Amino acid sequence: MSDNLQIGVSREEGDKNVSVLRLTGSLDANTQNQLEDKAKETIDGGAEYLVLDMSGVDYLGSAGMRAIHAITNQLSPEESSMRSARLKVLSPSPAAAKVFKTLGFDSFIDIHDNLDEAIAAL
Amino acid sequence: MNAFLESLHPELREAFELAASRVRFAKGQAVFHRGDPGQALYIIEKGRVRIHDGDLVLNRLGEGEVFGEIAGLGGHERTASVTAEQELELLRIEREALLGAVQTRPEALQGLMKMLCERESGLADRMTSRSWQLRAAEQELEIGRRIQTGFLPDSLPEIRGYKIAGHFQAARVVAGDFYDAFHIPSIGRVALVIGDVCDKGVGAALFMTLFRSLIRATAQSRRFMNWAFDHNPANTRIAEGQDIESLARETLTNTIALTNNYVAITHGKTSMFASVFIALLDPETGAMTYINAGHEEPYIVGDKGIKTTLPPTGPVVGIFPGAKHDIATGMLGPGEILLTYSDGVPEATSQSGEQFSDRRLRDLLDDFRGDAAELIEVIINSIDEFAEGAQQHDDITLLACRRETG
């Protein structure tokens, strides 16, 4: 288990303003602010939709989930729907997928296996 | 000339000027990092710097101020990092050049010693004041810890034919985990609750008190609204023909729905949530009706090891307004133990960073024979042995309930 988190950001070509955040490492109480800050920077830079690529996340803690929920709030501040419309998750690692399922986040945030599908769902 | 140089003895000023070179840094650029070898001290001519250790800012300095003299003159490693907060212009005073210049100027040497003594005395004053502030903050946290402990049950209910035991261990001074166990006299059930608020520390602790209170107040609402009758746990108020099981289900649904919607609607912006397992046990039969809101699956352990788990029946509580939670049932047979725990148990880490894991917990449960308190003791000892003193990153909480045989 790594103690840190790397975040790569790329802007996708297309009609929608979608950015992909590629997370590698541990998303937990120590790194949640890093993700929130990077997401805020990306949203402030004009991104309207986000895809979180979580294939490289080897540990996902509840504090990391809190950060993901906070980002969905930031993307759709007026909405308090039961589904996240502007954020999708891509290919979570088995460890991350298990946490999504246990905490019941899988019924709030769609999880996709490939990027085109995730973007099409936005 | 800047105020600092002006304040020096003329011979020392001359020595400084001989050893000085002008250097510039862009905003955000590091002047030096913690651990770098110290070869010079710096005087700020223009701009502002941040003295820091990673994210922790120790001080900010501006024009005419001096930094880096401790390692710079001593020639040892930098004790902190310094980063430009604005366009920065510095006078860099080389250690070797300064010491060379001072050697031929006796007044300069005296001046340098005086300057260092004054700065050391100022540093000592600042540290004393910092350590007082730190102590005051520690005392506040300690008060917080004591108050939070009051949000755990003073004692666990005594139920004929059952033994209940709990354990709570905070990763920091205050914690986000909680457990609870209490009678609901109006329906003749005993509530067994464990919860884990996301994140750690003070923020989680504040929400822990909120979640715990909402759950207890709602589950026992009949008691709190009708104290005169219900304060005695021996009393029950069940009208003839009332279907107790449907009342128990209603109590569960109301408790989780009210807690969930209250926090989601009132505090939704914070994105704070809790996983909660709540079971209503019928002591007569051992039947349990429960909701598992995104919590680690509790185990039912019998004399042949793990008998079953009680998986989630809905999402975590506090962020999804209107979320639905199913009710499920389980049975605690004679000699069986219900074990609930927070994720700090499987995720307890060893010195090498390995996790205790679900597998180790399951192996231990498969081999266990004994009562509720013994089970918790065995788990805690096993984690301690595994961790070998490694600092734990998460709160560790357990609640176990055993039905006696016969």
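Me: What makes 3-130 and 150-403 of chain B domains?
Reply: An automatic or database domain assignment sets the bounds. By that assignment, chain B has domain 1 (3-130) and domain 2 (150-403). Their C-alpha centres lie 57 Å apart. Keep in mind that this is a predicted model, where local features need pLDDT of at least 70 and side-chain atom pairs count only at pLDDT 80 or more, while totals for chains, interfaces and linings use all residues. As for labels, residues are numbered from 1 along each chain as its sequence is written, and chains are lettered from A and ligands numbered from 1 in the order in which they are written.

Me: Why is Glu65(B) called partly exposed?
Reply: Count the C-beta atoms, placed from the backbone, within 10 Å of its own: 20 or more others is buried, 12 or fewer is exposed, and in between is partly exposed. Glu65(B) has 16, so it is partly exposed. Glu65(B) sits in the loop between S5 and strand S6 (66-67) of chain B; strands here are DSSP runs (E, at least two residues), helices are H or I runs of at least four, and both are numbered from the N terminus.

Me: Which residues is Glu65(B) in contact with, neighbours within four places in sequence aside?
Reply: Phe4(B) and Ile44(B). Contact means that the C-beta atoms, placed from the backbone, lie within 7 Å.

Me: How do you know that S2(B) and S7(B) pair?
Reply: Pairing takes at least two DSSP bridges between the strands. S2(B) and strand S7 (residues 81-84) of chain B have two, in the antiparallel sense, so they pair. Phe32(B), for instance, has Val82(B) as its bridge partner in S7(B). Both strands belong to an open, antiparallel sheet of four, in the order S2-S7-S4-S5 (chain B).

Me: What makes S2 and S5 of chain B edge strands?
Reply: Strand S2 (30-32) and strand S5 (56-61) each pair on one side only.

Me: What makes a set of residues a nonpolar core?
Reply: The members are buried Ala, Val, Leu, Ile, Met, Phe, Trp, Tyr and Cys residues, joined through C-beta atoms within 7 Å. The largest one here has 109 residues, and Leu52(A), Leu192(B) and Ile278(B) touch the most other members. Helix H6 (residues 201-219) of chain B gives the most to this core, nine residues. A second, separate core has 24 residues, including Phe16(B) and Val31(B).

Conventions
Two residues are in contact if their C-beta atoms, placed from the backbone, lie within 7 Å.
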